[in-house]
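Hello,

Here is the structure I promised to pass on. My notes follow below.

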Amino acid sequence: GIMGSNNYFKMPFFQEVDRFKSIPWVQNTIWYQIFPERFENGDSANDNEGTLPWDATVHPKASDFFGGDIRGIINRLDYLEELGINGIYLCPIFEAPSNHKYDTVDYKKIDPHFGTEEDFRELVKKAHEKGIKIMLDAVFNHIGDQSPQFQDVLKNGEKSIYKDWFHIHSFPISATSTSIHSDVTNYDVFAYTRHMPKLNTANPEVVDYLLDISTYWIREFDIDAWRLDVANEVDHQFWKKFKAACDKEKEDFYIIGEIWTSAQSWLDGDEFTGVMNYAFSGAIPDYFAKKKITLTEMVHKLNHQLMLNRDQTNQMMFNLLDSHDAPRILSIAKKDKDLLKQMFAFLFLQNGTPDIYYGTEIGMFGENDPDNRKPMEWRTDYQDAELFKFFQKLIRFRKENAREISSGELVWKTVDEKNGLLSFSIGNTIGVFNSGSKPIQMMVDPLLSNLYENGSLNPSGFVYLDSNSAH
């Protein structure tokens, strides 16, 4: 019978509603990550007590304040526009006692040291006028111990209406230790930090509370994206509700999770659009700068990560080389700016949406937290103007070829371990990298000569690649 001959169709129809869709604007976006306390002090009237004078050369202590705020970011939008970025990812801006604000007190309030709701509304509006999207950082895994909810539990113990908002093992709560990193707690916390009690996201009250916050900032302030802190420690059921709520509020809303490993189970289209792609982009400095892996291993690692996800998912990944949680990439490159350029050129030729950590474009360096959070260097004499021009050019190139690089298929052409030569195509763009220590002469198809600046390809079809160079 007819049915009999058709029974090999196990999946005859793609259900549109189940498909993962990439978001067009994300494909065209180059992000710039700002740690608000350290970008620019635009309003000294809202400074913390004991705020230090702005100095990009100091090694900050974990508890220091320098007065960076939202007004400072507004003041520097022209600078960011000149650089060419068109997305800003802001570390948390909600009320919290620390300089990093990952210990939230009130999710519906801008931290008064950062400014007012009006300031933030103005930032979003002015950024949007310049074609720049705004992504906020949501810390829904844990809340600060200064929050009214946790304070209520401290005060009322088992009688507190918030006792089931947390994971408390016994009453009364003991948080007596004076050290920040203390194991003398009988409630679950983020990492070892008793100031960040973990929220119970399986509790319907907590769910409603957090969903209200996530839609409030979209509805009231028109933000474009959420970055979700410690996203792998929150249940999948919650993230599904979160995604549905955000999508209902705004079409083409972008959601990325902070997950340091492969993240397939979050990326089926009903939770996150992408993740902070450490598992993929971490292979780049591991090879180019740290020499921890070989060229072949880097290629395998990149392929492996790409194979784990749908093409549409790979196009939505947030690709970064450093952040407020990792040493600055120029420090990892031992201050070798050619190497820095090579890694960024490589990153900008991959599927996914690339990110620059504030100050990288003018040559800032710094070791692990808190050294990677120095105040931004605004004194032009201390900025690397040539590096800034390189980033402008790279960003322009990426924007002009955004659709193609974002959704193109990566095909490796040369992986020459001995000479450190790597070449690949992505769409109809070709990347050639000499990561070895010696210059290389190689044959190049004359049709590709438009890749090289001012057509500096000689007629014989040879191109001369200096070491640490990217073409």
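Which residue stands opposite Thr353 in β12? Phe318 does.

First, the ground rules. This is a predicted model, where local features need pLDDT of at least 70, side-chain atom pairs count only at pLDDT 80 or more, and totals for chains, interfaces and linings use all residues. Residues are numbered from 1 along each chain as its sequence is written, and side-chain values use heavy atoms, with hydrogens and water left out. Helices (H or I, at least four residues) and strands (E, at least two) are DSSP runs, numbered from the N terminus.

Now β12. Strand β11 (residues 318-319) pairs with β12 in the parallel sense over two bridges; pairing takes at least two DSSP bridges between two strands. Strand β1 (residues 31-34) also runs parallel to β12, joined by three bridges. Trp31 has Asp355 as its bridge partner there. Five of the five residues of β12 (353-357) are buried, meaning under 20% relative accessible area with a 1.4 Å probe, protein chains only. Thr353, Asp355 and Tyr357 point one way, Pro354 and Ile356 the other. In a regular strand, side chains alternate between the two faces of the sheet.

Next, α7 (residues 204-221). At 1.5 Å a residue, its 18 residues should span 26 Å, and the end C-alpha atoms are 26 Å apart, so the two agree. The expected span is 1.5 Å times one less than the number of residues. Buried residues of α7 include Val206, Leu210, Trp217 and Phe221. Just after α7, Asp222 takes a positive phi of about 65 degrees.

Best wishes

Technical notes: Buried < 20%, exposed > 50% of the residue type's maximum accessible area, 1.4 Å probe, protein only.
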